[in-house]
Amino acid sequence: MLIITAPGQGAQTPGFLAPWLELPGVAERLDAASELAGCDLVRFGTTASADEIKDTAVAQPLLVAAAIVAASALSSSSGGSGGSGGSGGDVPADAAAGHSVGELAAGVIAGVLTADDAMRLVAVRGRAMAAASATEPTGMTAVLGGDQEAVLATIARHGLTPANVNAAGQIVAAGTLAELDAFAADPPAGARLRPLQVAGAFHTRHMAPAVAALRDAAADVAVADPAITLLSDADGAAVTTGKEWLERIVAQVAAPVRWDLCMRTMADLGVTALIELPPAGTLTGLARRALPGVAQLAIKTPEQLDAARELIAGHLAEPDAHGHGHLPEWRLIVAPASGTFRSGADQQHLGTVVARGAEHPVAAPWAAEIIEWLVEDGDPVSQGQPLIRVQHPREGA
């Protein structure tokens, strides 16, 4: 089983798109994408400096366009000119996933939305997140190593959010600069802190204005159900409807990225090969430790396309009658906010998180059968922390 992945913000490097412009039709695709994004993607991907492409409003459309172009080159219909791309659903893969903004490229690969609509959405997303970052001094700090529970507890104690939980020993804390300074003075035992050069606290409550802007833009987007298995950063779940995927994409701007849970689902699905689209390297690096035995390829230049096609030929699974392969039978329900967990009364209303006098409901998308409680009533929890493992009720139960 083969999964194609798309990286998120921070993966970009100066000039990474230059070799891709040598492929027939790519310049035309990027020109069309540039009009939709409102910025010159060819220049930013070839001659712009590292400082220029750190700009959130530039980096996000640049990353999505690059992933779509490379994915198109893998498909049987690659090489055409004109628009920035079609539905993308003909890319040969069993599954797709994207880290943060990479989820938009993954949605194109899975046939949920067109490449043009992805570029329209990412343009709004990038500008709105940049604007939200400018309202208050915020930032992000990578936490490397340490006991995960202790790291999450310390992050919560300082009022921060675990904005990215990428893998064991790789968590990113985000919040105001004052909160981050206090965190640096009182770090988790055994952990190293590395401040990140980013414009704001992405995937936290500080991005709420960007959620509203993206929701307005998403109202005009037509979506289809995924043609292949499509994983969500929110909890690693395989999303089966385009409507739910779009709702998650909007909410994800202000919610933690759980790439660790995506990789857990990849293991449960039986993924045997992982391809990362350009600018590649970050996600294959995470998979190297978390998914031992899984073949990996980070596509950096078009010279690696033949190797990618060989990997696809050797690992692409036979689809089942529904076209999705085997979907996991469970989902993780995560904390909607940091606070104190209080258990609920029934299988759909699973509990609440109480924080500063407010109650945030913890609910399943259907009347769930609980497989495992990961917290107890009264436990302190961090936003994005897994609370309960659930599955659809068994037939006849």
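Trainee: Let's start with one residue in this predicted model. Is threonine 5 buried or exposed?

Mentor: Buried is the word for a residue with under 20% relative accessible area. Threonine 5 has a relative accessibility of 0%, so it counts as buried.

Trainee: Which residues is threonine 5 in contact with, leaving aside neighbours within four places in sequence?

Mentor: Its contacts include Ala97, Trp259, Met266 and Leu274. Ile275, Glu276, Leu277 and Leu283 are also on the list.

Trainee: And where is threonine 5 found?

Mentor: Threonine 5 is part of strand β1, which covers residues 2-6. Strand β1 pairs with strand β2 (residues 95-98) in the parallel sense, over four bridges.

Trainee: Now for antiparallel pairing. Which strands are joined to β5 by bridges?

Mentor: Take β3 (residues 138-145), which is antiparallel to β5 and joined to it by seven bridges. Valine 143 has isoleucine 171 in β5 as its bridge partner. Strand β4 (residues 161-167) also runs antiparallel to β5, with five bridges, and threonine 161 is partnered there by alanine 174. Between β4 and β5 there are two residues, making a hairpin, and glycine 169 in the turn has a positive phi of about 80°.

Trainee: Why is β5 described as largely enclosed by the rest of the structure?

Mentor: Count its buried residues: strand β5 (residues 170-176) has six of its seven residues buried, so the rest of the structure largely encloses it.

Trainee: Which residue has a positive phi in the turn of the hairpin formed by β12 and β13?

Mentor: Arginine 356, at about 55°, in a hairpin with two residues between the strands. Strands β12 and β13 (residues 358-363) pair antiparallel over six bridges, with threonine 352 partnered by proline 361 in β13. Strand β12 (residues 349-355) is also joined by four bridges to β11 (residues 339-343), again antiparallel; there, threonine 340 stands opposite valine 354.

Conventions
Residues are numbered from 1 along each chain as its sequence is written. This is a predicted model: local features need pLDDT of at least 70, side-chain atom pairs count only at pLDDT 80 or more; totals for chains, interfaces and linings use all residues. Side-chain values use heavy atoms; hydrogens and water are left out. Two strands pair if DSSP finds at least two bridges between them. Buried means under 20% relative accessible area, exposed over 50%, partly exposed in between (1.4 Å probe, protein chains only). Contact means heavy atoms within 4.5 Å.
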